[in-house]
Amino acid sequence: MLNFVRFYISNMRYLLLAFCISVGFSAVMLCSCGGNEGLTAEELLSRATSVETIDPQQALLTLDSIHECFPRNVKMRRAADTVMWRIELALAMKSLPFVDSVISVKEKMLDVMSVNFVFSKDDLYQDLGVWEHRMFRTELNTSKNYLKPTVKENGEITMTSFYAGREETHDGIVVTVGEYAKKVTDIDGGTSFTDLGVFHEFLSITETTEDGLTKFIAEMEGENATVSLLAAGDEKLKYSVSSRDVKAIRETYLFALEVSDLWNLKRDREKFKMQIERYSNK
């Protein structure tokens, strides 16, 4: 079921992109309408209505071409809108129960996975709550050099390097796993302070499930990793990431994938609900 959910989400995004490209291409192809403008628009409307139940996407493309090719034919554009609303209402009503069922499965998956994570949210300052792996709780990692990924409710990942040692200012990170390395110099935020004579530095990087240090570590073979902290492009110091932490980073990445999927599914559900409400009243 997990693979099926991932297939559904990735293909929904692909189809949306392909749909947008097709709309633009079809508009160009169909804009050489020529002849009787009203008759050609009527023909396009007839073609759309003839396939609206068996090929709704093609019908929507054809209806869109009426708007593109005949911007001054208000009568036919209104007729095209009526059919378009009808098709989109049917698609939303068909998609909503399916998305609801997938969300239910996904929520159960996350309930099982979340046993290794702690959720926190400050309603006064945070729009989105944050998930943190139990292995990276601050009290377990005092005065330790380590990498810590956290996951927002929308699936966005923040990878933070925690460093304690001699006073240094860094502007980049290189993570090496086995023979492979990934370098990041796009640091979102850096914080440093001295506590009880010990210098501390935090470097944060905003990542997605599609790219970043978290994904890199999760997908690389190897039980250990090495972090190099950079200053003006030069390596200043290194610290090791234990096999325990590597395992927790991989678990965090897999968790982020599911959180991201659930967030997008819920957005789809709201979109379908809004379409049903809007088009049902037309």
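I began with terms: two strands count as paired if DSSP finds at least two bridges between them. Helices (H or I, at least four residues) and strands (E, at least two) are DSSP runs, numbered from the N terminus.

I noted that this is a predicted model, in which local features need pLDDT of at least 70 and side-chain atom pairs count only at pLDDT 80 or more, while totals for chains, interfaces and linings use all residues. Residues are numbered from 1 along each chain as its sequence is written, and side-chain values use heavy atoms, with hydrogens and water left out.

Entry on the sheet. I looked up A231 and found that its bridge partner in β10 is D234. Strand β9 (residues 225-231) pairs with β10 in the antiparallel sense, over seven bridges. I then traced the open sheet, where four strands run in the order β6-β5-β9-β10 with antiparallel pairing. The edges are β6 (180-184) and β10 (234-241); each has a single partner strand, so one side of each lacks a neighbour in the sheet. From one strand to the next the twist averages 20°; angles run from 0 to 180 degrees between N-to-C directions, with axes as lines fitted to C-alpha atoms, for helices over the stretch in contact.

Entry on salt bridges. I used this rule: a side-chain nitrogen of Lys or Arg within 4 Å of a carboxyl oxygen of Asp or Glu. By it the count is 17 salt bridges.

Which residue forms a salt bridge with E107? I found K266, with the closest N and O atoms 3.6 Å apart. E107 is in helix α4 (residues 74-113) and K266 in helix α6 (residues 243-280), so the pair ties together parts 159 residues apart in sequence.

I also checked accessibility, where buried means under 20% relative accessible area, exposed over 50%, and partly exposed in between (1.4 Å probe, protein chains only). E107 is partly exposed at 32%, and K266 is partly exposed at 32%.

Next I looked at E132 and K148, whose side chains meet in a salt bridge at 2.7 Å, N to O. E132 lies in strand β2 (residues 130-133) and K148 in strand β3 (residues 146-152), 16 residues apart. Buried or exposed? E132 is buried at 18%, and K148 is buried at 10%.

Last, I recorded the salt bridge of E251 with K247, with 2.6 Å between the closest N and O atoms. These two are four residues apart in helix α6, so about one helical turn separates them. E251 is partly exposed at 21%.
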